[in-house]
Amino acid sequence: MPENNGNGMSNKELLLLILNNQNKINDRIDDLLRLFKLSDWKHEKVKSFSKGMRQKLGIIQAILVDPQIIILDEPQSGLDPKARIEIRKIIRELQKKGK
């Protein structure tokens, strides 16, 4: 932990801040899993995922922390035709947001 992390905060304030961020990231994960239609598998091992499911998970990993720039290498590889359309739609939405 960096030495200056939490300067000016009480122990409780710092822990509440961390907890609040944890809740936000959990909400973000759940939202993305729903968006990519992986909610039903959120407790399953990745090794049981199809190629398309792993591809979707890779995109979720890329956008989880809401980066300014997203670079995807063959994001539709391994996806069925319906999933390709859905992914294109999601990517277009990201583009509209300036990603």
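In this predicted model, a salt bridge (a side-chain nitrogen of Lys or Arg within 4 Å of a carboxyl oxygen of Asp or Glu) joins the side chains of Asp 31 and Arg 34, with an N to O distance of 2.6 Å. Both residues belong to helix H1 (residues 11–35), 3 residues apart, about one turn of the helix. Residues are numbered from 1 along each chain as its sequence is written. The model is predicted, so that local features need pLDDT of at least 70, side-chain atom pairs count only at pLDDT 80 or more, and totals for chains, interfaces and linings use all residues; side-chain values use heavy atoms, leaving out hydrogens and water.

The whole structure contains 4 salt bridges, among them those tabulated here.

| Pair | N to O distance |
|---|---|
| Asp 31 – Arg 34 | 2.6 Å |
| Glu 86 – Lys 37 | 3.0 Å |
| Glu 93 – Lys 96 | 3.5 Å |

The salt bridge between Glu 86 and Lys 37 links distant parts of the chain, with Glu 86 in helix H3 (residues 81–96) and Lys 37 in the loop between H1 and helix H2 (51–63), 49 residues apart. Glu 93 and Lys 96 lie 3 residues apart in helix H3, about one helical turn.

Buried denotes under 20% relative accessible area, exposed over 50%, and partly exposed in between (1.4 Å probe, protein chains only). Asp 31 is partly exposed at 41%, as is Lys 37 at 48%. Glu 93 is partly exposed at 38%, whereas Lys 96 is exposed at 66%. Of the 99 residues of the protein, 24% count as buried.

Definitions and conventions. Helix = DSSP H or I, 4+ residues; strand = E, 2+ residues; numbered from the N terminus.
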